[in-house]
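Open the model in a viewer and keep the sequence panel at hand. The stops below go chain by chain and end at the place where the chains meet.

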Amino acid sequence: MQKKKDFTRPEYFLNRELSWLAFNERILGEARDKSIPLFERIKFLSITASNLDEFFMVRVASLKDMVEAGYDKEDIAGMKPKEQLKRVSEATHALVNLQYSTYNRSLLPLLDQNGLHVVESHEDLNKEQKKYVDRYFEENVYPVLTPMAVDSSRPFPLIRNKSLNIGALLRKKGETQESEFATVQVPSVLNRIVEVPGEEGSRTIILLEEVIERNMPKLFLNYEVLCAHPFRIMRNADLSIDEDEAEDLLKEIERQVKKRQWGEAIRLEVEAGINKELLDIITHELEIEDEDIFKIKGPLDLTVLMKVYGLEGFTHLKNEPFVPVAVEEFAEEDSVFDAISKQDILMHHPYQSFEPVVDFIRQAARDKDVLAIKQTLYRVSGNSPIIAALAQAAENGKQVTVLVELKARFDEENNIVWARKLEKAGCHVIYGLVGLKTHSKITLVVRRESDGIRRYVHLATGNYNDATAKLYTDLGLFTCKEPVGEDATAVFNMLSGYSEPLNWNCLSLAPLWMKERFLFLIERETKNALAGQNGRIIAKMNSLCDRDVIVALYQASQAGVKIDLIVRGICCLRPGIPGISDNITVRSIVGNFLEHSRIYYFENGGEEEYYLSSADWMPRNLERRVEILFPVSEPALQKKVGEILDCQLRDTLKAQYLKPDGTYDKIDKRGKVLFGSQNYFMEEARKHARKNKKDAYDARVFIPEKKPEYGEEE
Amino acid sequence: MKKKLFAAIDVGSFELAMKIFEISSQSGLKEIDHIRHRLDLGTESYKTGKLSYDRMEELCRVLKEYAGIMEAYKVTEYRTFGTSAIRELENTMIVLDRIKSRTGLDMSVLSNSEQRFLDYKSIAAKGEAFETIIQEKTAILDMGGGSIQVSLFDNGSLFATQNMNLGILRLHEQIKRISPRSGQIRGILDEVIHTRLNEFKKLYLKEKEYKNLIVVDDYISNIINRYQKGNEKKGFMSANAFMKKMENWENAGLKTMAKELDVPEENVLLYVIAGLLLKGILEITGAVQIWAPGVTLCDGIAYDYAEQNKLLKQSHDFEQDILSCARSTNRRYQGSRQRSEALESIALTIFDSTRKIHGMGARERLLLRIAALLYDCGKYISLSAVSECSYHIIMRTEIIGLSHLEREIVANVVKYNQTDFAYYEEIAKVGGIDREDYLKIAKLTAILRLACGLDRSHKKKFTSVKASLHENELWVQVEALESIEMEKGLFQENGMFFEEVYSIRPILKQKKTF
């Protein structure tokens with residue numbers, strides 16, 4: 001008998017940090033893609049910079065913690081933390097180099113050609129411009145600066161995480177003693193882009209730190225400024241341990257955390273030509289290792305490019321903004337409830353408008369038959385209409401229960417503010433669950449209708465955030481099917497701290513049941529394939545790094561199941577290893593919209609099953625978060641979801657294939673008709689919208705407006 | 001018309017549960033929401049007879065939340081019942097009062113037999129499925145924390161039911177106290193369970209003649225839902241398949257069992273105990289099919305409410321169950337079926353013809369029937385202290401479906417049928433009897449005594465008995481072939497109490513039949 005294959009060997013897996021860096025590189029690829037409008041390329045470059053910042057703060061910080069805690073466990077790909085850190089450091093340095101060569105060699109010259117001149121250093125300003133920036137400095141900048149010098153009586157100041165600073169060496173005028181260190185933070189309250197008068201027909205900008213650098217002597221009047229250079233640090237500061245890490249690690253680190261110096265610097269970015277003495281002072285004070293120093297050939301912190309993207313004008317260098325089209329099913333109905341009662345409704349954002357979701361809450365808030373509204377909120381936009389509607393509902397006497405996830409990364413403070421707002425309005429606010437992040441996206445509206453209680457449920461792959469709904473591709477489902485309603489009620493009972501239901505009808509919840517469910521679904525395909533039937537899995541997600549799931553996929557692959565994965569970001573699965581994963585393909589689509597929907601398809605011997613979820617196949621989703629997996633059961637909607645998967649699999653424009661060695665490649669485009677799935681979805685949406693408009697005109701009937709709704713509530 | 005919404009709250013020993021139902025005659029009971037909160041009231045209550053401050057706080061907090069949920073659903077009608085943990089408190093009344101003032105909820109306490117009856121109603125709420133299954137010989141095993149209840153069905157109605165102190169948590173406590181090695185646990189449990197079940201068997205079961213076993217509990221239902229085969233109806237499993245599963249676990253160990261059932265390891269022993277109890281019952285009854293309808297007390301509460309308020313068509317005749325239980329009790333104490341039935345018939349004739357004066361309803365009529373059926377069961381123990389013994393037998397016999405108070409009424413009616421009637425001050429010393437109940441006892445006793453007077457010779461002399469009111473007289477007309485001089489005398493004697501209670505003089509008239 002053939003020996004049972006060991007699918008867990010480290011060489012069958014990719015390291016997740018390196019895989020993430022490869023993802024950021026793919027985004028950088030968009031910035032380098034000549035076929036993309038210039039300002040869009042700038043935006044992509046900016047995204048790679050902010051992504052990298054987050055990566056350092058969360059992942060690199062975590063790895064550093066592991067090394068410091070002496071945690072020596074190998075990861076899924078057999079790498080110890082120390083080795084990972086080394087490889088990550090190499091890869092990030094290479095990535096940063098590529099960022100700046102893109103910026104300097106491609107984007108800067110192109111901007112110049114297109115009428116936006118970026119003055120790289122203040123010495124390059126002409127006389128008139130110098131006068132302008134000096135005045136600008138005195139009027140706007142000087143008042144908000146806090147220069148700080150260091151000498152025996154003044155200690156080295158606290159350099160704030162992620163802030164941009166200018167370090168300088170000073171010497172008292174007329175003296176020859178050794179130099180002193182001084183620093184000033186580039187104020188984040190001011191726009192980092194300063195527009196200066198330029199040539200006719202073009203615009204000229206310079207960065208704020210250059211303006212400050214030029215005026216450094218004004219800050220230290222009795223001193224001579226020997227040199228001044230920007231620098232920026234990233235700290236392993238107040239962030240708790242990333243939830244992705246193993247439990248035993250968390251315990252280990254908790255023990256070690258007291259020993260750790262609080263807020264230790266983990267990355268230093270400096271201008272490439274920085275004065276050696278100045279650099280030595282900074283590195284010494286911050287106790288930073290050589291490999292954590294990034295010498296940057298260009299402006300530090302490229303997230304500033306998002307501001308450049310936002311400059312008015314230059315519309316011909318940007319994508320035509322896409323306006324999400326109205327959702328047909330809701331167009332003919334005044335009441336969202338009537339529309340949902342007729343049929344389940346599937347929405348594809350951002351091609352279709354997010355407005356129905358907001359309307360759903362708004363109408364529920366006003367509707368006299370609605371008894372209760374329950375919702376989970378993870379990240380919401382600043383001025384969220386959903387929050388306003390929920391508050392309104394509570395004021396109208398509905399029972400409103402909102403689970404607000406305070407642990408949403410980097411959003412804590414923002415979330416607390418509006419959670420308080422909701423509480424004031426009379427909502428019952430649940431501030432998350434102990435030890436678990438609530439990542440599921442679900443809304444339940446309970447309505448008392450003439451034939452009894454009816455429950456309307458919205459389930460989605462993306463957050464209730466009207467702003468990101470215009471940028472992220474997500475799927476949302478409206479239904480009032482009883483089994484879903486019952487499960488939704490049970491979900492909220494659990495989130496309110498009550499016991500689990502005796503059984504579930506159709507939803508699967510993480511962290512309790514979902515992983516098992518996924519493994520079951522994958523293994524069912526394996527069994528079918530072994531029994532000589534077709535086995536087929538198509539899965540689309542943001543990240544794939546759960547070992548058990550990957551092993552199940554390898555087993556399925558070896559049983560003959562054909563598996564196509566569409567994984568936007570991290571993928572620890574190595575496709576195409578002979579005898580292990582020959583039947584698996586992995587592609588990643590990085591486009592104008594952020595691919596965010598999670599879709600899971602299983603052929604199930606012809607009884608096809610389609611699922612949507614808020615969860616990726618990552619341990620953190622499956623084991624440490626509250627997530628929901630929900631089926632799409634209506635055949636018409638299954639077809640729709642099937643088409644979305646099909647289009648993504650046909651994508652030849654933005655799709656990149658993961659190779660066995662862990663690198664990605666675009667397809668050879670020669671002689672092929674290029675097909676971009678995101679473009680296709682936009683076109684289709686527009687076509688539908690036009691058709692509906694045309695139909696409306698064709699009807700040749702004037703439709704009187706309804707009386708505006710005031711004082712509906714009894 | 002909007003459907004009626006109803007909330008049923010069960011304050012159990014280890015869990016506070018609330019179910020919200022939508023009730024309509026077309027679609028019956030529809031569960032809208034089921035909320036559960038784990039709260040161990042039992043341990044404290046059983047041990048100390050009181051609830052600690054923290055427990056009480058949590059109980060009130062959760063009940064208040066439940067009241068809030070009810071309000072959100074705009075529920076107007078509800079029932080809140082406490083079971084054994086509340087029942088066994090020393091200060092039940094105080095606790096109920098505090099709950100009322102803290103949460104606004106009116107809560108009452110169920111006696112064991114009331115609770116079991118509601119559990120049983122919860123199964124009956126399943127309607128046709130239940131009616132079909134009890135056409136064959138069926139046993140119901142209702143497993144609670146403190147005790148288990150086994151009920152037996154024949155010919156579509158219940159005929160015996162027995163409570164045994166073999167509650168899952170109680171056994172668990174006992175085992176923990178002995179703290180045996182894990183290998184011994186099963187052996188010890190098996191022994192405890194078997195001894196008790198064999199006693200039960202001797203009393204009620206002759207052969208292994210049962211086909212079905214219905215289980216109401218939290219554990220077996222979970223196992224069946226998890227492991228039943230695709231082709232079986234929901235909640236059904238064959239006894240063989242279940243036993244095999246248990247055997248597998250016995251070999252695999254508790255850890256594996258916990259993992260497979262997805263329950264915390266410290267709880268898995270509860271499943272083992274439930275399994276052993278079920279195994280024991282399967283062995284003594286010989287049942288081949290298990291049905292776990294997955295119902296809870298809340299279902300029974302709602303069904304009971306709906307039935308009382310005529311929101312539902314009754315699917316099962318519970319009165320027949322109560323009567324058949326009473327008959328089988330009578331049989332157990334060697335009462336004559338013929339005689340008790342004759343007495344029952346006479347008593348009912350009198351009851352029905354005097355409806356106008358006594359003003360009692362169907363429920364009291366039922367109590368009278370039971371009293372008539374059990375009127376001299378005490379003679380099994382002592383011929384000289386029949387009434388006292390009858391009283392105690394009735395009070396100690398579970399007549400499922402009767403509340404504790406109703407049982408007290410029946411027992412008193414039987415007692416005072418043959419001894420001098422004790423008046424209010426005397427009777428009220430016994431807990432829970434108020435003026436109204438007292439009057440019921442008096443009125444029913446009067447009727448039963450009169451009926452007994454007619455049947456004293458136990459010879460069933462009459463071929464027919466009719467009764468009718470004529471102003472201040474009650475004419476009881478009998479047809480008899482023999483002389484009824486003795487009855488005439490006794491009738492007058494027994495009639496004095498009737499006269500006292502109703503201010504009506506009963507007169508016996510004989511219609512001679514030649």
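Two residues are in contact if their C-beta atoms, placed from the backbone, lie within 7 Å. The model on screen is a predicted one.

**Chain A as a whole**

Select chain A. Among its contacts between residues at least 6 apart in sequence, 74% join residues at least 24 apart. Coloured by secondary structure, chain A shows 20 helices and 27 strands. Its radius of gyration is 28 Å, close to the 27 Å that the globule rule gives for 714 residues, so chain A is as compact as a globular protein of that length. Along the principal axes, the C-alpha atoms of chain A fill a box of roughly 90 × 80 × 60 Å. Of the 714 residues, 44% count as buried.

**A three-strand sheet in chain A**

Next select residues 116-119, 193-196 and 203-207 of chain A, which are strand 1, strand 5 and strand 6. They form an open sheet with the order 1-6-5 and mixed pairing. Which strands are at the edges? Strand 1 and strand 5 of chain A are, each pairing on one side only. From one strand to the next, the twist averages 35°.

Zoom in on strand 1 and strand 6 of chain A, whose pairing is parallel and runs over four bridges.

**Backbone stops in chain A**

Most residues other than glycine have a negative phi, and most peptide bonds are trans. The next selections depart from that pattern.

- Select His349(A) and Pro350(A): the peptide bond from the one to the other is cis, with omega near 0°. Pro350(A) sits in the loop between strand 10 (345-349) and helix 12 (355-366) of chain A.
- Select Ala510(A) and Pro511(A): here the peptide bond is also cis, and its omega is near 5°. The loop that holds Pro511(A) runs between strand 18 (508-510) and helix 16 (514-530) of chain A.
- Select Asp301(A), a residue other than glycine with a positive phi near 55°. Its loop lies between strand 9 (293-296) and helix 9 (305-309) of chain A. Is Asp301(A) buried or exposed? The cut-off for buried is 20 or more other C-beta atoms within 10 Å; Asp301(A) has 21 such neighbours and therefore counts as buried.

**Chain B as a whole**

Switch to chain B, where the secondary structure comes to 22 helices and 14 strands. The radius of gyration of chain B is 25 Å, close to the 24 Å that the globule rule gives for 514 residues, so chain B is as compact as a globular protein of that length. Its C-alpha atoms fill a box of roughly 80 × 50 × 45 Å along the principal axes. Buried residues make up 45% of the 514. Of the contacts in chain B with a separation of 6 or more, 71% are between residues 24 or more positions apart.

**A hairpin and a loop in chain B**

Select residues 148-154 and 157-164 of chain B, strand 7 and strand 8, which pair in the antiparallel sense over seven bridges. Ser151(B) stands opposite Thr161(B) in strand 8. Two residues lie between the strands of this hairpin, and Asn155(B) takes a positive phi near 50°.

Now go to Ser503(B), which has a positive phi of about 60° although it is not a glycine. Ser503(B) lies in the loop between helix 22 (485-502) and strand 14 (505-512) of chain B. With 9 C-beta neighbours inside 10 Å, Ser503(B) counts as exposed.

**A helix pair in chain B**

Select residues 386-396 and 404-418 of chain B, helix 18 and helix 19, whose axes come within 8 Å and cross at roughly 170°. That makes helix 18 of chain B roughly antiparallel to helix 19 of chain B. Show side chains for the contact: Tyr391(B) and Ile394(B) are among the residues from helix 18, and Val410(B) and Val414(B) among those from helix 19. The residues of this contact divide into seven nonpolar, four polar and three charged.

**Where the chains meet**

Finally, display both chains. In contact are 15 residues of chain B and 14 residues of chain A. Which element of chain B gives the largest share of the side that touches chain A? Strand 3 (residues 28-38) does, with seven residues. That side of chain B divides into four nonpolar, four polar and seven charged residues.

Key: Residues numbered from 1 in each chain as written. Chains lettered and ligands numbered in written order. Predicted model: local features only at pLDDT ≥ 70, side-chain atom pairs only at ≥ 80, totals over all residues. Axes fitted to C-alpha atoms, helices over the stretch in contact; angles between N-to-C directions. Parallel < 35°, antiparallel > 145°, perpendicular 65-115°, else oblique. Nonpolar A, V, L, I, M, F, W, Y, C, P; charged D, E, K, R; others polar. Rg over C-alpha atoms; globule rule 2.2 N^0.38 Å. Buried ≥ 20, exposed ≤ 12 C-beta atoms within 10 Å, placed from the backbone. Pairing = 2+ DSSP bridges.
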